[in-house]
Every structure is written in structure tokens, then in C-alpha cells.
Amino acid sequence: MTHVIQVDDLRTYIKTERGVVKAVDGVSFSVDEKEVLGVVGESGCGKSITALSIMQLLPDRFASIESGSINYIPRDGNASIDIARLNPKSREMRSIRGKEISMIFQEPMTSLNPVYTVGEQIIESLLLHEKMNKKEAMMRAVELLKHVGIPDPELRVREYPHQMSGGMRQRVMIAIALSCNPRFLIADEPTTALDVTIQAQILDLMKRLQQEHDMSIMMITHNMGVVGLMCDRVLVMYLGRVVEEAKVREIFKSPLHPYTLGLLNSIPKLNPKERKKDRLIPIAGNVPDPSEIVTGCRFAPRCPRAFDKCQEEPPLIEVETGHKVRCWLHE
């Protein structure tokens, strides 16, 4: 199957007062056509920085791509483009961002501009990429709002973000992301700030739209339930590195890395027959400060199965076809 995007040995560093933070430190993965890739891990593991690196939306004063490549295959099938080598403000990057690759951000209230109407924010990409006039773009904005399930779109298109609920604002963000029919969509925890009922509606909407538009999606989340519902393949990240990669069924059936197992053990079990204990089994400790220099396996200080060899950093090895893990237990 053809890769839509191929990331190889990506390293994104952030400058802080305490030194350089290796937020993304040698990450490699690919996303195929019509595939949904889930990227999971605790806060501070580098998921969002990876997404912002692909979009070239890093704050250039503090963050930069130090090395690696992000090869994107355009919709027209021409030669791949290494996004990591493009200037974020260049015409070529601007023609890709929003048109070919789009992103749904984590918190719609801070992502939407409060002084512009919803319609004005939707038509921005249409005017830039689709060569529409303002009237045509506004008609398209109404269609998009209707497409994502917002009632009375002719009325809502003239409203401001603060006049909408959290679920409706998230639908607006999806409408903006889909306005130019992108080939690759990045969804950065699109349901985090929503209640469970609205979460289910948003996930159902995204699944339907993905099938209708034949999109490839990179779904960033810390919710393993979302992974099981939405994704085909999973990337587990910890402290800037990939620690396990496999198909969804394999991750749930036979997780190999102790960190992956810890994430799965943290899921509440609602069925009394499946619930062995009343209490959840949390992962001990916290994610270390990214500015700290960690030697050896980065998960070793929190790992219940750590042993002497964990003082050396393990490589990412392929245990079975398509199932990779970074752990000495599976050497």
C-alpha cells in the first residue's frame, strides 16, 4: 500500500532556560492511504510536537527540526516532498498546509478567533486555496456546517465561537479542517474537552467523514478506547521516542512493552465479569522532566520489570511482522 506520509528519524528540539529539550528524539513512522494511525502516550511524550513538526507550525524562536525527514506524497502523485526541508513561511509549505495536510487542534475555544464569525474563519482556507469568491466560499461554508451536523447552518455561519457549545465548536474545527478536502488529517485529541456523549458523536462523525473522503488520519490521543474505536494501527510514544508499534488488534491482544501494558491496565473495566479488582492499576511515578538527561531505557525508572541491561538504551526491534517494540525483554 502507498504511504501518504513517511517520517524518518525526526528530531525536534526546544530551547528553554534550562537547556535544550529533545521533545521528539528519533521518531519514525508512516501512514498509508485511507489508514487511521493512533498515536498514544501520556502528556509530555512528544505527540503534539510531532504533529506540529509535520504542519511546520513550531514557534521558530524556540523550536526547530534538527534532523530527519517528513516525506509527503501529494495527491497528484508527483515526487515526494520533504516537509522538514521547507521554510514554514514559504509558498510551497503554505500550499500544502490546509490544502493537502490539515489539522484539528485540541482546544477549539483557543484555536478559533473570538473576533471573527465562524463563517469568516471557514472561508479563509477556501479563499486561499480554492480560488473562490467570497459569496461562493460562504455558500460552501454553510454546506460544510451542514455536513458536520450543525443545525441551522445558515444562521450559525454568522455566529461567533462564544455563542456555540463545546461540541459545536469542535464541529466547526472539523469543518475548517475538511474545507479543502485534505489528503492527510491530523486530529490532536479532538474529544478531550468534551463530555462522553458529545465525544461519541464527534468520533462517529470523524469515522464517517474519513470513509466518505478517503482520508488518512493521524489520531493523537491518550484514550485507548478512542484507539480501539477509530484506529487501524497504533504508535505508543514515551519521552520523545516510539516504544511500540503494531496493529490495533495486536496492541490489545498482546502488548509487549511494559508501558503499553500500563496504559491498557489503566482503562476502567465496566463489565463486572472482566473486572478483577475494584481499583485501577496506575503506572507508578510520572513522566520525567523532558529537560533531564535520561540514560538507558527511558521508561526504566517507572518499569516494574526493569533489570541490569536497562541501563543501556534498547533499539526498536521488529518482534513479529509489523509489531515493533523498544525493550530488552524482547531482544
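Student: Why is Cys 45 called buried?

Tutor: The model is predicted; local features need pLDDT of at least 70, side-chain atom pairs count only at pLDDT 80 or more, and totals for chains, interfaces and linings use all residues. Residues are numbered from 1 along each chain as its sequence is written, and side-chain values use heavy atoms, with hydrogens and water left out. Cys 45 has a relative accessible area of 0%, and buried means under 20% (exposed is over 50%, partly exposed in between; 1.4 Å probe, protein chains only); therefore Cys 45 counts as buried.

Student: How do you know that Cys 45 is too far from Cys 297 for a bond?

Tutor: A disulfide is a pair of cysteine sulfur atoms within 2.5 Å. The sulfur of Cys 45 is 13 Å from that of Cys 297, its closest cysteine sulfur, so the two are too far apart for a bond. The sulfur of Cys 327 is likewise too far from its closest cysteine sulfur, in Cys 303, at 6.3 Å. The count comes to 0 disulfides.

Student: What makes Arg 298 and Asp 25 a salt bridge?

Tutor: A salt bridge requires a side-chain nitrogen of Lys or Arg within 4 Å of a carboxyl oxygen of Asp or Glu. In this pair the closest N and O atoms are 2.6 Å apart, which meets that rule.

Student: Why is Arg 298 counted as buried?

Tutor: Its relative accessibility is 15%, so Arg 298 falls under the limit for buried.
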